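Please examine the sequence and the structure before working through the solutions.

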Amino acid sequence: MSPTETASRHTISILVDNEPGILARVVGLFSGRGYNIESLTVAKTNEKENLSRITIVTAGTPMVIEQIKAQLDRLVPVHRVRDLTLGGEHVERELALVKVKGTGEKRVEALRLADVFRAKVIDAKSDSFVFEVTGASDKVDTFIGLMEGLGLIDVGRTGIVATTRGSEAI
Amino acid sequence: MKPEESATTGADLLVKALIDEEVEVVFGYPGGAVLPIYDSLFKQNRLRHILVRHEQAAVHAAEGYARSTGRVGVVLVTSGPGATNAVTGLTDALMDSIPIVCLTGQVPTHLIGNDAFQEADTTGITRPCTKHNYLVKAVGDLARTVHEAFYVARSGRPGPVVIDLPKDVLMNKHEYEAPKKPVQHKSYRPQVKPDPKKIEEAIDLIQAAKRPVFYTGGGVINSGPKASKLLTQFVHLTGFPITNTLMGLGAFPASDKQFLGMLGMHGTYEANLAMYHCDVLIDIGARFDDRITGKLSEFSPKSKKIHVDIDPSSINKNVRVDLPIVGDAAHVLEEMIRVWKARQPRLDQKAHKAWWAEIEKWRGRNCLAYKQDKETIKPQFALERLYHHIKDHDHYITTEVGQHQMWAAQFLKFEQPNHWMTSGGLGTMGYGFPAAMGVQIAHPDALVIDVAGEASIMMNIQELSTVAQYRLPVKIFILNNQYMGMVRQWQELLHGGRYSESYMESLPDFVKLAEAFGAVGLRTGNPSELDGVIQEMIKIKKPVIVDVLVDKAENCFPMIPSGAAHYDMLLGPNDRAEKPISEEGMVLV
């Protein structure tokens, strides 16, 4: 690794066979080789061919990122590895469920901010809300940050899913 | 035929699949979970089973078999401890890219996860130490999985593959599925043919070079004997110098004057300096391991680097290269030779002459020199005499790990591929003896010698029982200095000579030990007796342990201390005072 190279964030999309142990292979590769996982999502995406898509956000120097992709590609059940960050324009989204507890002024303020962020109320009790917020990670971060002062109880986040812009498949 | 008539048990299917994959020998050890397989083996005579005394040895034996034949080595072990004992061997095979299929027993599917007797999460444990692994959950998947496993193990960059077989799967019945040819895997398709444009670019660089060097490794050996022939041809066509990694020895004839010897930590002065000063470095099938590069920031700083590798993840991992070529060594070399011959390039003869003159000057340092006296046998002398006596026999060499291994690499000459088996990447003490058994099984009439240290040999000494059972005339040539020599050498150089736990107390009497197992034991500590002992060893058609008592204080030179650059080599014991080892280097292994 050359010291002049700086680390940057990359979103990597991996198409894999939906078989037992595949997630362990991918995650084990990251931990075993000392790479970093900032976010990871996985779900079956192709019923017919029984494929899953794993989206990983990682950070590293260009040499490390190249190495990560080569190592992933070497796993036998991996069909395709795409670096969305290098591969032109792409869109990223994340979903969070945010639970806020409070009454009176704070409760009203939370609801108003949720409206600004286009967060949906998916559960309401007399002293709590569960909001569903979707967007780029920094939007989700900001919303959660605002809720901290308004009785934030719990957060669940999906991690990033992403795809390329335009008509091409990933 | 009704389906139930053609259906056979999983164990029988497995044996049939192994036979279809042209397996001749299985190295293994039985146990509860694999009893159905052992029953199937009992009822046939196509597959030969070699009963080892420890599962680690089964894998090393299969590695020796694989590396000396170019075929896939097959291992059969039981669940739990059988599988965990195999882990070191699997990791060794992964690091050195040796094709192995390891069949492990497993508790029946309904007990998996219940902490059943002799249960271990074998696929979990072996995931990071195999190229791939499988848990077969239904007998209907068994035959197809075995065929796929063989394909994965031997293709691309070879490696070990584990198939975990629950006992109920082995006893259930299903119809057999023959291997499909050619194999088309849905996601795994290694690239073997290089990009033709890159070959042209490589030849551009090669023909313009003024100070070139070939640096080739185990990838050439793994590509098959044809790759070694092509390499030799191409190196002769160019007239360039060549150096080999530890794993690459034998791909180019050691006696050839273009050969600079091994490079790296204990490589020759001329090879390492050629790497440092070259302007074009042609890497074929070597992976810039830390034992090769030394200090990365000063590794071959003036060169354009061409890297040919079948594994894209080996490229730009440690060293940034200028021209990566993904492909199989034989295919790439064939293309390079074709383009070279078509172009008939005119080389800068003057520059090449000057380059060779410089190399000859470095060679003139005679970096492997040692002083033999009349009293004690120097380990280097023992190996030189060994080579003198075996060179006209069809011989194979394996080693354990340590000083003796490096001396063997330096002092024995490897003229052809697949005749040198050593644990390079993992550095597994205890590798050499079982590996030699595997080689001997594959080549019953050859002279197979495990060059060993007295410490390493103790790590799989139980296999004396195996060689006795199968009458394998393996020779164990121990360079006995009563120390873990390499550990002692590092303690001397890095830790003020505090020899913490590196002295071998209470060694066995190796002669009596050999006799206890029905082998022959020979011993000498006298330089004048050495030739006679070696000749006797060769003559005896039984397993032999030769206990050569060598100089206890001898160190292995040249040495690039960890963290140092190629030009910072220690050439002998007197070199050390001026070159203290950096703190940065102390941290390195």
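**Exercise 1. Determine how many salt bridges the count gives between chain A and chain B, and describe the interface that contains them.**

Solution. Step 1: the count between chain A and chain B is three salt bridges, a salt bridge being a side-chain nitrogen of Lys or Arg within 4 Å of a carboxyl oxygen of Asp or Glu. R74(A) and D311(B) form a salt bridge through their side chains, with an N to O distance of 2.8 Å.

The model is predicted, so local features need pLDDT of at least 70 and side-chain atom pairs count only at pLDDT 80 or more, whereas totals for chains, interfaces and linings use all residues. Residues are numbered from 1 along each chain as its sequence is written, chains are lettered from A and ligands numbered from 1 in the order in which they are written, and side-chain values use heavy atoms, with hydrogens and water left out.

Step 1: the rule also finds seven residue pairs in polar contact across this interface, both residues at pLDDT 80 or more. A polar contact is a pair of N or O atoms within 3.5 Å; within protein, one must be able to donate a hydrogen and the other to accept it, and residues adjacent in sequence count only if both atoms are side-chain atoms.

Step 2: on the side of chain A that touches chain B, α1 (22-32), α2 (62-74) and β4 (78-83) of chain A each supply at least two residues. Helices (H or I, at least four residues) and strands (E, at least two) are DSSP runs, numbered from the N terminus. The largest share of that side, six residues, belongs to α2(A).

Step 3: contact, meaning heavy atoms within 4.5 Å, links 16 residues of chain A with 19 residues of chain B. The two chains bury about 1,500 Å² between them, 49% of it on carbon and sulfur atoms; buried area is the accessible area (1.4 Å probe) that two parts lose on being put together, summed over both. In chain A, R25(A), M63(A) and V76(A) lose the most area to chain B, together 41% of what that side buries.

**Exercise 2. Describe how domain 1 of chain A meets domain 2 of chain A.**

Solution. Step 1: the domain assignment, automatic or from a database, gives domain 1 (8-83) and domain 2 (91-163) in chain A. Their centres, taken over C-alpha atoms, are 29 Å apart.

Step 1: seven residues of domain 1 of chain A are in contact with six residues of domain 2 of chain A. Between them the domains bury about 480 Å², 49% of it on carbon and sulfur atoms. In domain 1 of chain A, T11(A), T41(A) and T55(A) lose the most area to domain 2 of chain A, together 58% of what that side buries.

Step 2: the rule finds one salt bridge across this interface. E92(A) forms a salt bridge with R9(A), with the closest N and O atoms 4.0 Å apart.

**Exercise 3. Is Q258(B) buried or exposed, and what surrounds it?**

Solution. Step 1: Q258(B) lies in the loop between β10 (242-244) and β11 (259-262) of chain B.

Step 1: Q258(B) is buried, with a relative accessible area of 9%; buried means under 20%, exposed over 50%, and partly exposed in between (1.4 Å probe, protein chains only).

Step 2: leaving aside neighbours within four places in sequence, the residues in contact with Q258(B) include F240(B), F252(B), W356(B) and R363(B). A polar atom of the Q258(B) side chain lies 2.8 Å from the backbone oxygen of F240(B).
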